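Below is a short report on one model.

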Amino acid sequence: MTSPNKNNKAYTIVVGNEKGGSGKSTSAIHIVVSLLERDYTVAIIDLDARQKSLARYVENRQAYAEQHNLKLVMPDLHVLKRADGDSIQKMNQEDTEKFSSLLDEFKQKFDYILIDCPGSDSFLSRLAHTSADTLITPVNDSFVDVDLLAKVSPDTYKVEKLSLYSEMVWEARKIRAMKDRGTIDWIVLRNRTSALDAKNKRRVHEVLTELQKRVAFRYVPGFGERVIYRELFPKGLTLVDFSNNNKEKMTMSHVAARQEIRRLMDDLKLPGWNTPKINAAE
Ligand SMILES: Nc1ncnc2c1ncn2[C@@H]1O[C@H](COP(=O)(O)OP(=O)(O)OP(=O)(O)O)[C@@H](O)[C@H]1O
Ligand SMILES: [Mg+2]
């Protein structure tokens, strides 16, 4: 199978946001399985070595497939831990070396690499952001989440200044440009949008629409608030699996959720996604 990337190296997707619980790991597993279903090879690097949510999702998936005799597409999984040591400088150096060699190895072996970041600032997370070809930032549909991207006037809801996370991405873009003249396609998606709170929904939409021009991200519709996203974790399943897995019954909410995933995958504009794949063996 040919790589989706021009230079035959894996394309790197980083899912990051310093805000905890915004839907990074949930988005990540759905993107990974969508890519695997298209026969791309995918390696996951889970940088959240404390919670390991994405790694546990994949482990649950493996166990569920074995218990139910199912053939489920599986990514390659790697959890990267922060180095131990008494000097920050040494730890940073060790982490940089470990991360770079892992990335170099995976770049040769896979079509896509997906890096899931923890919900807080960390050295490894910053490093990962500088290597992103696409950066995906899910934000919950609330001004508490938007606050990490920009300070918003409480009276007019106008963007007043950029916040910590946007500044960090700005830095990552500069480092990336210096390293290999690469660019980062930054995508902000809204998660857990509710049909009930129309006023808040509209305001968050207006702020993100204004902000996307100032910070240079693409703001795309993401996922609605749906119980199914919480229920899938113990089985390690995603909505992408449902069509191939007759054991699971589809409800209207599942169908709508699957549409959201498909829409997101199109919106990401990943290399090769919208064109038929060419197999090397053909
Ligand atoms: N669209 C959604 N509807 C309902 N529940 C959701 C949705 N997205 C995520 N969740 C739930 O919200 C919780 C947090 O999601 P998730 O673990 O994906 O966030 P995260 O950003 O990876 O968190 P962390 O920062 O802790 O790594 C989980 O229980 C998940 O099942
Ligand atoms: Mg997570």
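Of the 18 residues around ligand 1, the nearest are K24, S25, T26, N191 and G224. A residue is near a molecule when one of its heavy atoms lies within 4 Å of it. This is a predicted model: local features need pLDDT of at least 70, side-chain atom pairs count only at pLDDT 80 or more, and totals for chains, interfaces and linings use all residues. Residues are numbered from 1 along each chain as its sequence is written, chains are lettered from A and ligands numbered from 1 in the order in which they are written, and side-chain values use heavy atoms, with hydrogens and water left out.

| Residue atom | Ligand 1 atom | Distance |
|---|---|---|
| S25, backbone N or O | oxygen | 2.9 Å |
| Q51, side-chain N or O | oxygen | 3.3 Å |
| G224, backbone N or O | nitrogen | 2.8 Å |

Taken alone, ligand 1 exposes 640 Å², and the protein buries 83% of that. Accessible areas come from the Shrake-Rupley method with a 1.4 Å probe; for residues, only the protein chains shown count as cover.

Which helices supply at least two residues each of the shell around ligand 1? They are α1 (24-37) and α8 (227-231). Helices (H or I, at least four residues) and strands (E, at least two) are DSSP runs, numbered from the N terminus. The largest share of the shell, 3 residues, comes from α1. By class, the shell has 2 nonpolar, 10 polar and 6 charged residues. Here Ala, Val, Leu, Ile, Met, Phe, Trp, Tyr, Cys and Pro count as nonpolar, Asp, Glu, Lys and Arg as charged, and the others, Gly among them, as polar.

Helix α1 also holds S34. S34 is buried, with a relative accessible area of 5%. Buried means under 20% relative accessible area, exposed over 50%, and partly exposed in between (1.4 Å probe, protein chains only). A polar atom of the S34 side chain lies 2.7 Å from the backbone oxygen of H30. Leaving aside neighbours within four places in sequence, S34 is in contact (heavy atoms within 4.5 Å) with V240, I261, M265 and W273.

R226 sits in the loop between β9 (218-220) and α8. Leaving aside neighbours within four places in sequence, R226 is in contact with S253, A256, A257 and E260. R226 and M168 are 58 residues apart in sequence, and their C-alpha atoms are 31 Å apart in space.

Now the strands. In β1 (residues 11-15), 5 of the 5 residues are buried, so β1 is largely enclosed by the rest of the structure. In a regular strand the side chains alternate between the two faces of the sheet. From β1, Y11, I13 and V15 point one way and T12 and V14 the other, and all are buried.

Two strands pair if DSSP finds at least two bridges between them. β1 runs parallel to β4 (residues 112-116), with 5 bridges joining them. I13 stands opposite L114 in β4, and T12 stands opposite I113. β1 also pairs with β5 (residues 134-140) in the parallel sense, over 3 bridges. There, V15 has I136 as its bridge partner.

T12 of β1 has a relative accessible area of 0% and is buried. Leaving aside neighbours within four places in sequence, T12 is in contact with K107, I113, I115, S131, A132, D133 and T134. T12 and I184 are 172 residues apart in sequence, yet 9.9 Å apart in space, C-alpha to C-alpha.

Is β4 enclosed or open, and why? With 5 of its 5 residues buried, β4 is largely enclosed by the rest of the structure. Both faces are covered: Y112, L114 and D116 are buried on one side, and I113 and I115 on the other. β4 is also joined to β2 (residues 42-46) by 5 bridges, and these strands run parallel. The bridge partner of V42 in β4 is Y112.

R181 has a positive phi of about 60° although it is not a glycine. R181 lies in the loop between α6 (164-180) and β8 (185-191), and is exposed at 77% relative accessibility. K269 has a positive phi of about 55° and is not a glycine either. K269 is found in the segment after α9 (252-268), and is exposed, with a relative accessible area of 55%.

Notes
Polar contact = N/O pair within 3.5 Å; in protein donor to acceptor, adjacent residues only side chain to side chain.
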